[in-house]
Amino acid sequence: MFLKRIEIMGFKSFADRTHIDFTDGITALLGPNGCGKSNIVDAMKWVLGEQSTKNMRAEKMEDVIFNGTDERKALNVAEVTLIISNEENLLDLDLSEISIKRRLYRNGDSEYFVNNTLVKLKELRELFYDTGIGKSAYSIMEQGKIDQVLSNKPEERRYLFEEAAGITRFKMKGSEAERKLNKTNENMVQVENILSEVK
Ligand code: ATP
């Protein structure tokens, strides 16, 4: 699995639709200070479901939408698409190429798409469990991330090992089942209370 292409439109400094093809041999993106290199990494994290404005270097999420310049007015929507090769079927979809898209409107509405089908953020995250891709995984190692990982709490460090070992998916499903079970137990208690009142 590898990243084939990123398309950015209206996100941070990328007002116009811009694409980068990560063809064989590309190992670095170079450019002068402030030209938008980090914004490209931000775009990758964002489309994978990043929710932290701090990690987006923004005060509020709408700040990631192009906010205009002296010559150009602000836009009302930001959109980022990743095209990922899935030839080894590491992602659980029977397709050799998968596109992931996130769109955010200035009124706060947000949408995620997998191959142009609207999905929930939860579904998008599930697609990437155990692949090392995702906002808390290890495919994006930014400056300081290694230090952060080493100084993190043991449980947080463990998350990376679990992701690499391929058990995140099962742990998440386990937690979800536990949540549902607790909810069902609460409902049962409520039903029993009502029944005893009726009797
Ligand atoms: P350096 O090499 O100094 O780290 P860089 O190439 O990584 O720089 P970025 O941090 O990616 O640069 O880009 C910074 C630029 O993005 C700034 O000029 C900033 O004004 C612009 N920018 C950030 N958010 C927005 C936005 N919402 N709308 C328009 N421009 C934005």
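Before you click on anything, keep in mind that this is a predicted model.

**The whole chain.** Begin with the cartoon view. Trace them from the N terminus and the order reads β-β-α-β-β-β-β-α-α-α-α. Zoom out: along its principal axes, the C-alpha trace spans about 75 × 40 × 40 Å. Buried residues account for 18% of the 199 residues here. Of the contacts between residues at least 6 apart in sequence, 52% join residues at least 24 apart.

**K12.** Jump to the loop between β1 (2–9) and β2 (18–21), where K12 is found. Look at its backbone: K12 has a positive phi of about 45 degrees, although it is not a glycine. Is K12 buried or exposed? K12 is buried, because 23 other C-beta atoms lie within 10 Å, and 20 or more is enough to count as buried.

**N116.** For the last stop, select N116, in the loop between β5 (110–114) and β6 (117–119). N116 is not a glycine either, yet it has a positive phi of about 65 degrees. How many C-beta neighbours does N116 have inside 10 Å? There are 8, so N116 counts as exposed; the cut-off for exposed is 12 or fewer.

How values were computed
Residues numbered from 1 in each chain as written. Predicted model: local features only at pLDDT ≥ 70, side-chain atom pairs only at ≥ 80, totals over all residues. Helix = DSSP H or I, 4+ residues; strand = E, 2+ residues; numbered from the N terminus. Contact = placed C-beta atoms within 7 Å.
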